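Welcome! Please take a moment with the protein below, and then we will walk through it together.

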Amino acid sequence: MRQVTRPDIPIKEAYEACRASVNSEQYRQRLDDGEPEIVTATADYMLRASAACLHTFQPLESTDDSTVVLRELTKQDLVKLYDYHMVRRQPGRSLYERLSILSQKKCPFCGGIGQTFTLDHYLPKSEYPQFSVFPANLVPCCRDCNSEKGAAVATSAGSQVLHPYFDANRFYTDVWVVAVIQLGADPMAEYAVQAPNTWSDEDKERVKEHFNEYNLSQRYAVEAASELATIVDQWDDIYRPLTAGQRRQHFALLSRNGHANDWKQALYRALSQNPLVCRWGLCR
């Protein structure tokens, strides 16, 4: 999981960029009339996001695209503003591309195992269409994470996945992803959540929700299997000449490269802390 610098793009700039490609006078008028309420709604979003309270927004109950959301703006109006006027048309598309590179093409939700090819609506546009083109609600995301999350809606503080733009540093600097090494002919790593005891119950629930929502246990295990196979292949040439202490030191050094809760850092922490691996290797 990785923090991303929050986009410094005002809602008025984003809204007007998307509105610029609208040809229908009636649609444009509805957008003009609804802009003040959109600005007010996004200011409320900023306050709630900063307090980790986005779950307190009420989702749209109706699935009808003609449902009025703000003033005379319908769900369809606001979803189309993103789907067509931001994603497909200029000048909105330029804004989309600016947002998509904020994370240096590494997905912040899965810790960078996927490349960002899309934007995720942290609050799904199907349930919260008023935030469909709000830059602070649009997070660079890989396709796997986008499909795993879908249109999930948090119903409590603890059921919120992490927000890369807003959440506290502790979620990204404290260690809460752990791995356990399973030795054998084809060694594996099993991943789990173990949040610090000093954290609140709510924070512990949130990282568990995030871990489960994005299916990180399975996805991390797949990445680790390949890394472990490489270590096995290299054992005779690189690791066997070392003492157990040198192996432990080597694994510990590798565990400090990168981000605290990436799959690779958790894997090498587990290797450095496993006395059997450090002494005998992985294939026992």
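Accessible areas come from the Shrake-Rupley method with a 1.4 Å probe, and for residues only the protein chains shown count as cover. By this method, the accessible surface of the protein comes to about 13800 Å², and carbon and sulfur atoms account for 46% of that surface.

This is a predicted model, in which local features need pLDDT of at least 70 and side-chain atom pairs count only at pLDDT 80 or more, while totals for chains, interfaces and linings use all residues. Residues are numbered from 1 along each chain as its sequence is written, and side-chain values use heavy atoms, with hydrogens and water left out.

Here is the protein as a whole:

| Feature | Value |
|---|---|
| Box filled by the C-alpha atoms, along the principal axes | roughly 75 × 35 × 30 Å |
| Buried share of the 284 residues | 48% |

Buried means under 20% relative accessible area, exposed over 50%, and partly exposed in between (1.4 Å probe, protein chains only). The protein has eleven helices and six strands; helices (H or I, at least four residues) and strands (E, at least two) are DSSP runs, numbered from the N terminus.

Now let us visit one residue. V193 sits in strand 6, which covers residues 188-193. Is V193 buried or partly exposed? V193 is partly exposed, because its relative accessible area is 21%. Setting aside neighbours within four places in sequence, V193 has contacts (heavy atoms within 4.5 Å) with W176, V207, K208 and F211. Between the C-alpha atoms of V193 and V178, 15 residues apart along the chain, the separation is 6.1 Å.
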